[in-house]
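Please keep the sequence and the model in view while reading the points.

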Amino acid sequence: MNRKKFLEGLRDGLPIALGYLAVSFGIGISCHAAGITALQGFLMSLFNNASAGEYGGITVITENAGVWMMVLMTLIINARYMLMSCALSQKLSPDTPLGVRMFIGFDVTDEVFGIAIAQEGILNIWYFIGAMCAALPGWSLGALAGNVLPVWAMNGFSVMLYGMFLAIIMPEGKKNRVVLGCIGVSFVLSGLAAKFLPTLSSGMRILLLTIFISAAAAILFPRENPEVDTKA
């Protein structure tokens, strides 16, 4: 165990945990409205750390749909995590065991992915595990609390999610104009997609925009390979 990296991940994951704690109250409230008990909602959030996927699952449960409908819906909504996992796998050391990769893949969320992909060089797995240990309890405990608290008391916390996203993306945008441009374009296209493509789920819109914007940026602004020192 790399204690230093674990504590660094724990430190960086704490703000994410606080944001999750506030935002996931909405999950608990939705569970309460759907007749899901506080314990069931807690376990759902503990094993499925994804807001859109959980909301979709709760909707399916409310409508008494079948298990396969829930599986298909969750697969489509959370498809963007496949792209994140592919990108994150390139940050890991090539000798990282498959079991460790699968364990890390269990908690690839937008925010944890953001701080992990921003690490310089090879990603230390203990940094990611430390961030997981902070973020995952925040999400599940927030859902538990939201199931027993009134809706009016929690509505104001939802704005914290946007602040959390901005805290992740803006430092990278200040360092790189291409990244900053991609952030601006993503805001504009996301708003247009929500207005003109309302039939698509938010997860599917994110997936399509991620593919389109990242591919366009890779083609228009290819990353130059650093000069390799051929000397011994």
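The numbered points below go from the basis of the model to the overall fold, and then to individual residues.

1. Basis of the model. The structure is a predicted model, in which local features need pLDDT of at least 70 and side-chain atom pairs count only at pLDDT 80 or more, while totals for chains, interfaces and linings use all residues. Residues are numbered from 1 along each chain as its sequence is written, and side-chain values use heavy atoms, with hydrogens and water left out.

2. Overall fold. The protein chain has 13 helices and zero strands; helices (H or I, at least four residues) and strands (E, at least two) are DSSP runs numbered from the N terminus. Read from the N terminus on, the elements run α-α-α-α-α-α-α-α-α-α-α-α-α. Of contacts (heavy atoms within 4.5 Å) between residues at least 6 apart in sequence, 75% join residues at least 24 apart.

3. Burial and surface. Of the 232 residues in the protein chain, buried residues make up 34%. Here buried means under 20% relative accessible area, exposed over 50%, and partly exposed in between, with a 1.4 Å probe and protein chains only. The chain exposes about 14100 Å², and carbon and sulfur atoms supply 70% of that area. Accessible areas come from the Shrake-Rupley method with a 1.4 Å probe, and for residues only the protein chains shown count as cover.

4. The aromatic pair. A search of the whole structure finds one aromatic pair. The ring centres of tyrosine 20 and tryptophan 139 are 5.3 Å apart and the planes stand at 80°, so the pair is edge-to-face. By definition, rings of Phe, Tyr and Trp (its six-membered ring) pair if their centres lie within 6.5 Å; planes under 30 degrees apart count as stacked, over 60 as edge-to-face and the rest as tilted. Tyrosine 20 lies in helix α1 (residues 3–23) and tryptophan 139 in helix α9 (residues 125–146), so the pair ties together parts that are 119 residues apart in sequence. Tyrosine 20 is buried at 4% relative accessible area, and tryptophan 139 is buried with a value of 4%.

5. Serine 140. This residue is also found in helix α9. Serine 140 is buried, with a relative accessible area of 1%. Neighbours within four places in sequence aside, serine 140 is in contact with Phe42, Ser45 and Leu46.

6. Salt bridges. How many salt bridges does the structure hold? There are two, a salt bridge being a side-chain nitrogen of Lys or Arg within 4 Å of a carboxyl oxygen of Asp or Glu. One joins glutamate 8 and lysine 5 at 3.6 Å, N to O. Both of these residues lie in helix α1, three residues apart, about one turn of the helix. Glutamate 8 counts as buried at 19% relative accessibility, whereas lysine 5 is partly exposed at 27%. Aspartate 12 forms a salt bridge with arginine 11, and the closest N and O atoms are 3.0 Å apart. Aspartate 12 is partly exposed at 22%, while arginine 11 counts as exposed at 53%.

7. The nonpolar patch. Leu166, Met170, Leu180, Phe187, Val188, Leu192, Phe196 and Leu197 make a nonpolar surface patch of about 740 Å². Patches are made of residues with over 30% relative accessible area and no salt bridge: like charges are joined within 9 Å, and nonpolar side chains (Val, Leu, Ile, Met, Phe, Trp, Tyr) within 5 Å. Helices α11 (160–175) and α12 (177–196) each supply at least two of the patch residues, and α12 gives the most, with five. Phenylalanine 196 lies in α12 and is exposed at 58% relative accessible area.

8. Valine 179. Helix α12 also holds valine 179, which is partly exposed with a relative accessible area of 31%. Apart from neighbours within four places in sequence, valine 179 is in contact with Glu172 and Gly173. Valine 179 and isoleucine 169 are 10 residues apart in sequence, and 8.7 Å separates them in space, C-alpha to C-alpha.

9. Cysteines. The structure holds zero disulfides, a disulfide being a pair of cysteine sulfur atoms within 2.5 Å. Cysteine 133 counts as partly exposed at 41% relative accessibility, and cysteine 182 is partly exposed at 23%.
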